[in-house]
Amino acid sequence: MQPDRTPKSRTSKRTYDDSPDTAESFRRIAALPDGPERAALRQEVVCAWMPMAVRLARRFRYRGESAEDLTQVAQLGLVKAVSRFDPSLGNAFPSFAIPTILGEVKRHFRDDLWVVHVPRRVQELRGQVRSADHELSATRGGTISAVPEIATHTGLTEAEVRLGQGALEAYTAWSLDAVPGHPTDGHPLTDTLGDVEPDFDLIVDREALRPLLRALPEREREILYMRFFCEMTQAGIGARLGVSQMHVSRLITRTCARLHAQVMAEPRAFRKAS
């Protein structure tokens, strides 16, 4: 007896062992009022269809998310599908549940896994550019596609392609201890971080003193200028002004103490003057 070699129809649907018959359960759920009995029956239906959610979650493996988290998100989509399904519409449950579960997983990738916040439009451009680059590279042995080629393939402008390419690296982030380039001659990213500029405090102090110095009597302002800007000695300042070194010292000490007290007691004066 010859084996049947009749080719199977290409339109035949693939069947899985995760398609339980829960039609009667859904009808009972729809007929029951909210309460413990309905919740328990709904939980039974969720458990019965759980293998399908796990199978759908596997489609997204190797995309930077753990299998456990993907499964949990898919199961959440299944719970939503069971809660929203209306058997009176006459549709089979899988035709409603599968888009709901896949949408939940895709939403998880779109909203929860981006390290850098990227607008929805840019995320869509990223997906188009990434898919087009893979399709073009597959036809040329893995060669990287140029921006004009991707633009022609997708119908996007070159500016949109570059915007999508810029978002390709925003999905994940490197550790600060990572060493870009060759490990033997590279440097960790921590070496590229800036530090607090010590002169910032000096700028703040100078700007705070600027209006107070303008308000000093001309003699005191001249003494401070010669001492701290011209770096003259107290003896040299006294000789120029015809006073003793001790007198110059007392004037400098008294003036600096008054300026310090004004800066500490009246911080708003600087903001008003500036």
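Colleague: Which residues does valine 105 touch, not counting residues up to four places away in sequence?

Modeller: Contact means heavy atoms within 4.5 Å. By that rule, valine 105 touches Phe60, Leu70, Val73 and Ala74. This is a predicted model, where local features need pLDDT of at least 70, side-chain atom pairs count only at pLDDT 80 or more, and totals for chains, interfaces and linings use all residues. Residues are numbered from 1 along each chain as its sequence is written, and side-chain values use heavy atoms, with hydrogens and water left out.

Colleague: Which residues of the largest nonpolar core touch the most other members?

Modeller: A nonpolar core is a set of buried Ala, Val, Leu, Ile, Met, Phe, Trp, Tyr and Cys residues joined through side-chain atoms within 4.5 Å. Buried means under 20% relative accessible area, exposed over 50%, and partly exposed in between (1.4 Å probe, protein chains only). Here the core has 24 residues, and Phe26, Trp49, Leu78, Val82, Phe93, Ile101 and Val105 touch the most other members.

Colleague: Which helices each supply at least two residues of this core?

Modeller: Helices are DSSP runs (H or I, at least four residues), numbered from the N terminus. The suppliers are α1 (23-31), α2 (36-58), α3 (67-84) and α4 (93-112). The most comes from α2, with 8 residues.

Colleague: What should the 18 residues of α3 span?

Modeller: The expected span of a helix is 1.5 Å times one less than its number of residues. For α3 that gives 26 Å, and its end C-alpha atoms are 26 Å apart, which agrees. Among the buried residues of α3 are Leu70, Gly77 and Val82.
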